[in-house]
Amino acid sequence: MQMGSEQTDRGISALVGRMADGFSRLVTQHLQLARLELAEDIKATGLDVAMIAAFVPFILVGYAFVCGALAALLSTWLGWAGALGAVGLVNLVGGAGGALWAVKRLQARRVMDDSSQELSRSMAALTHSASGNGVNTLRGANSELFKEPPNGR
């Protein structure tokens, strides 16, 4: 009888060891995913900022010439002061609108979105299987938890 109990203890300890290895591997993979995703987000943002910085001087020079030409055209009806004021006001409104649009776009960007979704899925799977309902979620009882995300990450 002692021998059966010893084999059961070894079997349980082996299962606990495998579960700990699996959990360790899961945490490691989540960290790797987060690291890769953060690097990808930083690279994409850096490229966008570099492109903006490269084209800003051309935009400013061209814009100054267009504003000067528009002020010269309007000066026949409004005089120089009125024409410069009107062009300046249009620039102010357009610039404020563009800046607000850019701020909203930056606020809407979700950094590390895929990692947080994967972590949520894993936590849902772990808490669902630990609820004690006798169903082994990891074997596919709820395969929705382990579906491939639509963007392939």
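Contact here means heavy atoms within 4.5 Å. The structure is a predicted model, in which local features need pLDDT of at least 70 and side-chain atom pairs count only at pLDDT 80 or more, while totals for chains, interfaces and linings use all residues. Residues are numbered from 1 along each chain as its sequence is written, and side-chain values use heavy atoms, with hydrogens and water left out.

**Confidence and overall make-up**

The predictor's confidence in each residue is given as pLDDT, from 0 to 100. The protein chain has an average pLDDT of 81, and 78% of its residues score at least 70. Over residues 134-141 pLDDT stays under 50, and the model has nine contacts for them beyond four places in sequence. Where pLDDT is low, the predicted coordinates should not be read in detail.

The protein chain has two helices and zero strands; these are DSSP runs numbered from the N terminus (helices H or I, at least four residues; strands E, at least two). Among contacts with a separation of 6 or more, 61% join residues 24 or more positions apart.

Accessible areas come from the Shrake-Rupley method with a 1.4 Å probe, and for residues only the protein chains shown count as cover. The accessible surface of the protein chain is about 12100 Å², with 69% of that belonging to carbon and sulfur atoms. Buried means under 20% relative accessible area, exposed over 50%, and partly exposed in between (1.4 Å probe, protein chains only). By that rule, 12% of the 153 residues are buried.

**Helix α1**

| Residue | Relative accessible area | Class |
|---|---|---|
| F55 | 49% | partly exposed |
| L74 | 23% | partly exposed |
| S75 | 14% | buried |

F55 lies in helix α1, which covers residues 2-108. Together with M51, F58, I59 and Y63, F55 forms a nonpolar surface patch with about 600 Å² of accessible area. Patches are made of residues with over 30% relative accessible area and no salt bridge; like charges are joined within 9 Å and nonpolar side chains (Val, Leu, Ile, Met, Phe, Trp, Tyr) within 5 Å.

L74 is also placed in helix α1. Beyond its neighbours within four places in sequence, L74 is in contact with G79, A83 and V87. From L74 to A86, twelve residues away in sequence, the C-alpha to C-alpha distance is 8.7 Å.

S75 belongs to helix α1 too. Setting aside neighbours within four places in sequence, S75 has contacts with W80 and A83.

Side chains of opposite charge can pair when their charged atoms come close. A salt bridge is a side-chain nitrogen of Lys or Arg within 4 Å of a carboxyl oxygen of Asp or Glu, and the count by this rule is one. R121 pairs with E118 in a salt bridge, their closest N and O atoms being 2.5 Å apart. R121 and E118 are separated by about one helical turn, because they stand three residues apart in helix α2 (residues 113-129). Both R121 and E118 are buried.
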